[in-house]
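Work through the exercises below with the structure open. Try each task before reading its solution.

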Amino acid sequence: MHNQSNSPVAPTAAAGGLLTTVARRSFLRYTGASLAVGGLLLTGCSDDDDDIVDPTANFTDVGSDDFGILNYAYALEQLEAAFYAQVVAGGAGTFFAGATAAEKAILTDIRDHEAIHAAFFKAALGAKALPARVPDFSSIDFNVRTAPNAAKIGVLDAAKAFEDLGVAAYNGAGRFVQDANNLALAGKIVSVEARHAAAIRELLSPNTFVFSDVVDIDPNSGTGMERSKRPPQVLEIANKYLAEGSKLRAPSFA
Amino acid sequence: MDFFQIISDIAKVDPEVYDRLDPRRQVFRNFMSYGKKVTATALPLALGSIFNKAYGQSAGSLPDPVKAVLRLALQLEYLEFFFYDTALNSGNLLAGEPRAAIQIILNDEKLHIKSLRGLLGETDAGPALTRNDFDYTGAQSGSPTPRPALFPALGATFTDLGQFYTASQGFVDTGVRAYKGGAPILMTASNKDVLEAGLNIHSVEARHSSRIRSLRRGGIQSTTAPKSWITPDEVGTPVPLPNNGVPNSPSVVGPYNAGNPPAITTPAASYPAEDNVIQGAAPGVNVQTVAPGVSATAGAEAFDEPLDAQTVKAIAKNFARVPSALFN
């Protein structure tokens, strides 16, 4: 129980902020959120809170209703669509040019699925759609199959990251959806993302289709559930692959 | 009030209290949902609610339709658990990498059973099911009118890997569709953790399906069928299944067939077959044509479809030993 003991017995009007320190996972959930919370957490650690500037202040807010969730999903799908389009475009020296037949088939199928997901959200959102996102894949080496620890990660490492993130994102956003039809649509897509994630993981390492980094599989204490992520936590990762001016924030869905 | 003195006192009569109050997850996540509202005077009330959740009694406040979704899911998890457990205990049926994969899936199903029982509470979860509740041959051997086996090699022990994989894929994809169909009902529970739990099991089942499919085609580097995602030509496979008289279900059911109603009206209450390409609110978007240059099957592959509870029950009863006794 270590350092959690003070929070529950000394609630104050600022309990929301203080209690945030209670749960490690929930704390992580807030690390991408506004520093209105972060400022509270840091009280006592720093004399110059006033200098803290919210690094997400200039990011585009996805909004607060179901259109916000749909635009959030649209952005993630655009990211995936752009990534796989670049992968499958191939070219001399790329990983894809030398990939196995199965790898080419899988990556081409996924490219098609993600292009469809992005186009579907754009069509469904209509005038409510945010402007198209501009990706930044400078941290990915499209010539390399896998290099998870290199300065630039490989194609399959990035694919794994995008797919796992997509699954965690849809699952974590479900609680904020108000219209059952939108929840149903998310459900139709997320299981396809999970199929992708498991296949990409299998290409990288046998029998990692569920693994402790994405699913709580401890035989004794586990739940067997995916480790879902709230939108701010997802965007903290996704923003690394979005260009300046295209980055997003989702303060309403924390 | 000393929160930890309370827990310590409870531990004297319930040594498992610390398990129930998983400090990193259960209780403090619940606390988070109160975090912004809680005040010194409200704290005792909040704590009481947290203990209710830790002891699985929050299910008493779940709406009946939510309980029904969770109970059906629980029975499907038992069906899968004993199926994989039997396979792992069937001599040399599974070895090496396939065996390890099935062991991983079995562990997940065991945990799903635990999680669902926790969400429901023991009273609403009912008695645990056993291996004897199921007949994976599909012969319904405990029925007054048994019938010929659909999968004759899947008896007390399993003797054919192909039949095992075929049935596995059908079970897991039915499970994915069942959770998907249940989500719009789970969202009616005021405690959104229930919905999120359902979603977090749903995606794990989809990961399982992807792996079963790559096992079935001989490994991830094989380019033969089936794909890791559902293709439109799978509608109608593996075998036509009768609906066992389940009301409001189609007369022929299957893991990839339409449920009821099949017509696309609203996404949350339409259960088309897995070759459907019209998505979104009516009139909908044709997802086969919405993006240029995609394969002829990509539109159907890119979206999985939900199933309604009655159709799920109609499918699952085919693998009950006594079909009148399960999936009601």
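**Exercise 1. A helix pair**

How close do the axes of helix 5 of chain B and helix 11 of chain B come, and at what angle do they cross?

Solution. The model is predicted, so read every value as computed from it.
- Step 1: take the distance. The axes of helix 5 and helix 11 (residues 309-316) of chain B come within 11 Å.
- Step 2: take the angle. The two axes cross at roughly 25°.
- Step 3: classify. Angles under 35 degrees count as roughly parallel, so helix 5 and helix 11 of chain B are roughly parallel to each other.
- Step 4: Helix 5 of chain B passes helix 11 of chain B in a left-handed crossing.
- Step 5: list the contact. Helix 5 of chain B contributes Ala68(B), Leu72(B), Leu76(B) and Leu79(B). Helix 11 of chain B contributes Ala309(B), Val312(B), Lys313(B) and Ala316(B).

**Exercise 2. Thr86(B)**

Solution. 
- Step 1: apply the cut-off. Buried needs 20 or more, and exposed needs 12 or fewer.
- Step 2: look beyond four places in sequence. Thr86(B) contacts Arg131(B), Thr157(B) and Phe158(B).
- Step 3: Thr86(B) and Leu154(B) are 68 residues apart along the chain, and their C-alpha atoms are separated by 9.1 Å.

**Exercise 3. Ile264(B)**

Which residues does Ile264(B) touch, leaving out those up to four places away in sequence?

Solution. 
- Step 1: locate. Ile264(B) lies in a chain B loop, between strand 2 (252-253) and strand 3 (278-279).
- Step 2: list. Its partners are Ser270(B), Pro272(B), Asn276(B), Ile278(B), Ala282(B) and Gly284(B).
- Step 3: classify. Ile264(B) has 18 C-beta neighbours inside 10 Å, so it counts as partly exposed.
- Step 4: Ile264(B) and Ala281(B), 17 residues apart in sequence, are 8.4 Å apart, C-alpha to C-alpha.

**Exercise 4. Chain A**

Solution. 
- Step 1: burial. In helix 8 of chain A, 22 of the 25 residues are buried.

Key
Residues numbered from 1 in each chain as written. Chains lettered and ligands numbered in written order. Predicted model: local features only at pLDDT ≥ 70, side-chain atom pairs only at ≥ 80, totals over all residues. Helix = DSSP H or I, 4+ residues; strand = E, 2+ residues; numbered from the N terminus. Contact = placed C-beta atoms within 7 Å. Axes fitted to C-alpha atoms, helices over the stretch in contact; angles between N-to-C directions. Parallel < 35°, antiparallel > 145°, perpendicular 65-115°, else oblique. Left-handed = near helix turned anticlockwise from the far one by under 90°.
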